[in-house]
Each structure stands twice: as structure tokens, then as C-alpha cells.
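Welcome! Take a moment to look over the model below, and then we can walk through it together.

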Amino acid sequence: QIVRELGAFLKHRKDLRGLICSSLDRLIDQNAAVVKGTPEASEAPLWFNKEIATANCEAIAAAARFFLPILFDAFVSAPIEERSALHNTIKGFASISDKGSLEMFFRVVIKKLMKVSTDAANAPDALLEGGADVPSRRCTFMELALLLEEGLDDTGAGMLFSVARPALTDGSAQVQKKAYKMMAHLCSNRTQLASEQLEQIQEALVASLQVCSPQAKRNRLQCLGATILLINQSVGIATANSLEPIMPFISEIVLATKDVNTKARMTSFELLVKIAHGFESHDENDELRNTGMGMSGADEESVGRLHTLMMMVMGGLAGATGTMMSASVCALSRLLFEFSNTLIHMIPDLLPAVLLLMKTQNREVVNSVLGFVKVTVMRLSVEDLHGQIPILLEGMLVWGSESAKTRFRSKVKVILERMTRRCGHEAVAEHIPSEHERLIRHIRRMAVRKENKRNAAETASQGGGGSVRSARTARKSEWNDNILDGDDEDEDMATDVTGETKSRAGQSRPGTRAI
């Protein structure tokens, strides 16, 4: 009776649909968590044991035969913006339904998808469910098929691969986005099956590069990231050639760091870090495997995967265009920011290669290199930074003269200020060329003036009491866009004695983080 009443409300009461769906989601998730023993099970009452949860799941699975057709009809008929409430509910029922029933529903969805994809524009028997035009209908059924993935066997998941591959080259940006989303999901969640089809996936991604719509760029990048991690997992002990297939995909992700679309840029940086973390974890596994086999890390031409990734990105420094060179420097900056301790051994080779680009007249490249220098000064330990001061100064002071462009001169000044704060004025001043001595003296005067003002303010805040030590320790660093492009994001920031970062007015600056 309850099932029938809820089904009727789902059909006819759109105002209650969201509430019913969220309730069903919670019912499914709580019982499934107890059955699987996941951390979410701790929220359940003590009397709610695994036996009760298992019986509940069986009852819900039996009701899925009734609910799924209603949810399908509601999903297909609802506008895109109203479908989010139905997503998790359909996915939840699919995860606990019996395989036979779910396969039947899945084949109905795939059959409708195939018909929508092959229908002529004005065919009299054309399927009109799911949207106002063919791409919209096609996307609706692709999304619906993907929601059922968790409960499908490998045969059903293989059909999803067959659906996604040709859709990557479709003329509709809408269909491309959905196809990349489907492919990325399958590569991340069906790794065994995806590994068996890895060659076809790579071929499909290469073939679809030239026809990828700008609107689908972010989805493509996510798909590339999932594919790269899949290739990395399929490699045994990494050698100089075993990771070569990922090189064109890495280059594409690196180039996307200069994309005009903000979301695509953010996604590319996030993927670089995610890929690098995946490579780093496999480096540790490779080392353990080599040790267990009595092998050294250099046996069988084995190489560090993270090191290999950095070398691939460094290859872009010799790119044919300023955009590629700039993008490679930005990517190196992000990786160095995240893995400064791990990559410290590469600094002697990395710094000269990057700083050489300071001599170009391409403003985009120079701006990126100054951002890289800033990251180096921020992330290296003080001890390591001391050893790199001469080469850093030699490279960046090319743009620190009076004749340099004002913006670059300002950035050089900010980097020098940060360097003197971390290493000390004397350690930096002894490597400053004579023509730039006036600049370092000015920085010294400004630092003393700020310190005096800060001390006076702290003394006044203590009612004339004893002096309070200025908080000069490095603040916790987090990545944000200002690190590469900003030139004064923290110059009027002061760290009070409690460690809280504030502006001169005593309020935190909106949209920024401590770096």
C-alpha cells in the first residue's frame, strides 16, 4: 500500500517529488551502509543490525520493479533543471535491484537511445520523449543509462562503452559532453573492463581531439585524467617507454592551463595534481616491489613515475608557441607547489631550464616564469632556498631594472621582499648586482618601516605592556589563482599574534587565502 501511494505521489505531485526522492535516498543509503559496514553505518541506532538492514534491502529491491518505471517516466518528462532530485534515487534503486530486473530496464533505455540516435529528422515514428530536439533526447537517455551503471554486470557496462565511443565525435557539443562524462565515469569505476578496452579508448580520444567542442573541453579533460590514471595502473614497473602513451594526453592537459574558460583551467590544474598523486603512490608501490624482489630502484631501467611526469611537462618548455611554453611553466609551478619536498632533487635541472625563458620578449611567458620563481621562493625550505638565491636573482632581475615593464618590475620587487623575509636581508643582498643595490636598499627600508609599525601597533594593543614577538613564521600555504598572476596579494596583510591573517582594516580580504 505504501509503495502504491508513494508511486502515485511521484507521478502526480511534482511539489512532493523532491521530498519523496530524498526520503527514498536516505532509506536506501542507510540500509546499504549497514549491510556493507561502511562508516556511514555508525549513524544508525544500535538495534539496527545487519540482519534487519539486509531484510530491508530485499524489500526495497522488490519495490524497485514498481518504482523504476515511474522514476524513468518522471526523469524523461522533467526539464533538465528538475532532474537532480531523481538522479540519486534512480542510482540508489539500481544499486540494490536484482540483476534480472535491472537488465530488463537497461535494455529498454538502450533501445530508446538507439532509436533516438538513428531517427531521421522528421520521421513519422520518431521518438519524442526526453527533450525538444534529437541531441537533448539522446543526452537524456545517455544520462539515464549511466545512472543504472552501478547495478550492471560487465556486459551491460560494455554496452555503455559502445554508446560513449562514437558519441565523442558527434557534431553536438551537448552530446559530446555527455559522452566524455560517461567515458570518464566508466574509466574510474570499471577499471578492469576499461583496461581490457584501453587501446580502443585511447584511439577514440585521439580521434575526437580535432572535433572537440569548446563547451565539452572540461569534460574531455576529466576523461583524459581518468584515462591517464588507468594507463598508470596498467603499467607494471615503470620504464622510460612504458608511460609514453600518456604523453599526448599530458600535453593537452598542460595546454589547457591557458584555456580561456575558467572552469577548464581549474580542471586542468586539479587533474595535474590528481595524476601526480596517483603516480607518486605507484612510485611507493614500485619501490616496495623492487625491494621485495631484491632489486634497486634503477634496475630494469625503472624510473620514478612522478619524475617522468615532470620531464613530460618540462618538454613543453621547448614548445613552438609562447602559449605552450607559458602553459608548461604554469603546470610546473603547480606541481612544484604541491610536491616541493618530493621534487627538490629536480630543482638544479629545473630552475635553469625555466629561467632561460626570462630572456624571451613574450610577456605571457615572462609572467609565467615570474610566477614559477614566486612558487619556488614560497615552497622551498629556507635551507634549500639559500642555495638557489644566486640563480634566482640572476634570472628574475632581468626584469627588475627601471627600463623593464612596470608590472614585471613590481612582481620582481614582491618576490624579492618575500625572499628577504624568508632568508634574511644579508643573504639576499650579497648576491645583488651593483645596478640593483638601490632596489634592495629600498626593500630593506620598507621592511624596517613595516616592522616598526607592526611593533608599535602590537605594543599599543597590549596597553603599553611588554613587547610581543611578531609572527614571522611562514603561514600555511594553499594554492590559488593569485599565486601565479597576483603581484601584491599579501603586501598589505599582517599576521597578528594569534596567527589570524587580517587586512589593515582588521577584516579578512574577500576572495583570498593565506599563502
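The accessible surface of the protein comes to about 25700 Å², and carbon and sulfur atoms hold 53% of that area; such areas come from the Shrake-Rupley method with a 1.4 Å probe, and for residues only the protein chains shown count as cover. This is a predicted model, in which local features need pLDDT of at least 70 and side-chain atom pairs pLDDT 80 or more, while totals for chains, interfaces and linings use all residues. Residues are numbered from 1 along each chain as its sequence is written, and side-chain values use heavy atoms, with hydrogens and water left out.

Here is the protein in brief:

| Property | Value |
|---|---|
| Helices and strands | 22 helices, two strands |
| Residues that count as buried | 47% of 515 residues |
| Contacts (separation of 6 or more) from residues 24 or more positions apart | 68% |

Helices (H or I, at least four residues) and strands (E, at least two) are DSSP runs, numbered from the N terminus. Buried means under 20% relative accessible area, with a 1.4 Å probe and protein chains only, and contact means heavy atoms within 4.5 Å.

Now to one residue. Phe161 sits in helix α7, residues 154-167. Is Phe161 buried or exposed? Phe161 is buried, because its relative accessible area is 0%. Beyond its neighbours within four places in sequence, Phe161 is in contact with Met183, Leu186, Leu193, Ala194, Gln197 and Ile201. Gln200 lies 39 residues from Phe161 in sequence, and their C-alpha atoms are 9.8 Å apart in space.

Notes. Buried means under 20% relative accessible area, exposed over 50%, partly exposed in between (1.4 Å probe, protein chains only).
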